[in-house]
Amino acid sequence: MDGAAITDLNAVSIGHDVYWVGAFDPNLRTFDLILKTANGTSYNSYLVRGEDGVCIVDTVKKEFQDTFFARLESVCDYSEIKYIVLNHMEPDHTGALPELLKRAPHVKVYLSFQAQNMLKGLLKEGVEDLDVTTVTTGDFIDLGNRDVAFLNTPFLHWPDTQCTWLPECGYLLSGDLFGCHFCDTRLFNDLVGDFRFSFEYYYAHIMRPFKHHVLQALDLIEPLDFKLIAPAHGPILREHPREYVRRYHSLSVPRMRKETKVSEKTLLIFYMSAYGSTAEMAREIHAGAEGVPGVRISLYDLEGGELKPFVDLIEEADGLIFGSPTINGDAVKPIWDLLSSLCSIHTQGKLGAVFGSYGWTGEAIAMIEDRLRGLKFRVPVPGKKVKLIPTDEELEECRAFGREIAENLTGTNAPKVIDFSDLL
Ligand code: FEO
């Protein structure tokens, strides 16, 4: 490989009898309905040759299977293929699998335990006739002069994901991990254009909700003496591959923890206010929560902020309180904009609560609570509603509301007594 663009349909050697047999998709502009792909993407499939046969790692999207088979046929005969490894079952990597199984019906399939049911869903029929083996960290295939080993790296970004490790040459075939939607036919990271934006964008939209699982995967990957990372999308990382692993690490470790005490909880209050009542409630809730030791509280008027920094803050917060007036039977748009931006972060188990002033019926409170539950927040304290202007008594109730939420965060709240009549 001398730096020229790939214009034919041959396999591309990446060294040590490993070949790229993937496909370029330069015209794609949206991936999975949510990701922008300004110059398309690639579906990277790999062929590993050993003394005892050939192993294929991942395939390509179905529409590109002719390209995949042409590249594959340029370096091997179907009778040589002994194994197919599926690092990930999403159709952009398994689209050519049904046809490959027809052309090489004798192969053994290796995948993660979680991928088994997905394989049934994908193939619909004939699965019972396949020779399928589930694998995890420590398992490997013996190809004679080399091994094809496995790392169990689930939830990156589906439950089934795993990495394949070639220990003799130090190549990590990482699936979606370390990938990006960037189409450049020069293929290798030291030859292609500037893909930093695509790498960061891909992490932010695909891996970010699974930071905890990224760090678990890095625990397995960082100790390896890897020489090259070959992801399932975008450039093959053969120059300074460890830089990309370091970047994943720094993007995945919590930042706020460095500034807060380990035992301290973080609570954020976001609000919008039309006539000042919801803002007044917010200040009282803030004051009430502030009286509880061990909680660091921040108060933000959404009118004066932008979404992205707020999403970053929310990602590392333990508790969130949202305040909105009810206008035309709904919460106000900035609140919905913020809540709809939370799908790119992990929100499960965070504490959520809602408050707001209203004129007629105050539907916004229950609507926001429903959304929080949909995002797997826990919502232990019923929302606080005030009709129009809060009275002194209602402001005192707001302080109690803030205190109760902060105590829930620190675990210092009084045990809840459930009256039998509440269950009827
Ligand atoms: Fe590239 Fe999750 O598929």
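Guide: Let us begin with two strands. Strands β17 and β19 run parallel and are joined by five bridges. Within this pairing, Leu267 stands opposite Gly319 in β19. Please keep in mind that the model is a predicted one.

Visitor: How do strands of a sheet pair in general?

Guide: Strands of a sheet pair through backbone hydrogen bonds, and the pairing is either parallel or antiparallel. In the present case, five strands form an open sheet with parallel pairing, in the order β18-β17-β19-β20-β21. Strands β18 and β21 stand at the edges with a single partner strand each, so one side of each has no neighbour in the sheet. From one strand to the next, the twist averages 10°.

Visitor: In which order do the strands of the sheet with mixed pairing stand?

Guide: That open sheet has five strands, in the order β12-β13-β14-β15-β16, and its pairing is mixed. Its edge strands are β12 (140–142) and β16 (228–231), each of which pairs on one side only. Here the twist averages 20° from one strand to the next. As an example of an antiparallel pair, β12 and strand β13 (residues 147–152) are joined over three bridges. Ile141 stands opposite Val148 in β13.

Visitor: Which helices lie across β19, β20 and β21?

Guide: Helix α8 lies across β17, β18, β19, β20 and β21, and runs at about 145° to β20. Helix α11 (residues 363–374) lies across β19, β20 and β21, at about 165° to β20.

Visitor: How should I read a helix such as α8?

Guide: The general idea concerns the turn. An α-helix has 3.6 residues a turn, so residues three or four places apart point the same way. In this structure, helix α8 (residues 277–290) has 14 residues and reaches 20 Å from its first C-alpha to its last, close to the 20 Å expected at 1.5 Å a residue.

Visitor: Is α8 largely enclosed or largely open?

Guide: A residue counts as buried when its relative accessible area is under 20%. Ten of the 14 residues of α8 are buried, so the helix is largely enclosed by the rest of the structure. Among them are Ser277, Met281, Glu284, Ile285 and His286. The cover over the buried residues of α8 includes β17 (265–271), β18 (295–301), β19 (319–323), β20 (351–358), β21 (384–387) and α12 (392–410).

Visitor: How many aromatic pairs does the structure hold, and how is such a pair read?

Guide: The structure holds 17 aromatic pairs. One reads the distance between ring centres together with the angle between ring planes. For Phe178 and Tyr248, the centres are 4.6 Å apart and the planes stand at 50°, so this pair is tilted. Phe178 lies in the loop between β15 (171–175) and α5 (196–207), whereas Tyr248 lies in helix α7 (residues 241–252), so the pair ties together parts that are 70 residues apart in sequence. Phe178 counts as buried at 1% relative accessibility, and Tyr248 is buried with a relative accessible area of 0%.

Visitor: Which residues do ring pairs link into a cluster?

Guide: The cluster consists of Phe178, Phe182, Phe195, Phe199, Tyr203, Tyr244 and Tyr248. The charged end of Arg103 sits over the ring of Phe69, 4.0 Å from its centre.

Visitor: Is Ala414 buried or exposed?

Guide: With a relative accessible area of 58%, Ala414 is exposed. This residue lies in the segment after α12. Ala414 and Ile368 are 46 residues apart in sequence and 26 Å apart in space, C-alpha to C-alpha.

Visitor: Finally, how is the chain as a whole to be read?

Guide: Its secondary structure comes to twelve helices and 21 strands. Of the 424 residues in the chain, 53% are buried. The C-alpha atoms fill a box of roughly 80 × 50 × 40 Å, taken along the principal axes. Among contacts in the chain with a separation of 6 or more, 70% are between residues 24 or more positions apart.

Definitions and conventions. Residues numbered from 1 in each chain as written. Predicted model: local features only at pLDDT ≥ 70, side-chain atom pairs only at ≥ 80, totals over all residues. Heavy atoms only, no water. Helix = DSSP H or I, 4+ residues; strand = E, 2+ residues; numbered from the N terminus. Expected span 1.5 Å × (residues − 1). Buried < 20%, exposed > 50% of the residue type's maximum accessible area, 1.4 Å probe, protein only. Contact = heavy atoms within 4.5 Å. Phe/Tyr/Trp six-rings, centres within 6.5 Å; stacked < 30°, edge-to-face > 60°. Lys NZ or Arg CZ within 6 Å of the ring centre and 35° of its normal. Pairing = 2+ DSSP bridges. Axes fitted to C-alpha atoms, helices over the stretch in contact; angles between N-to-C directions.
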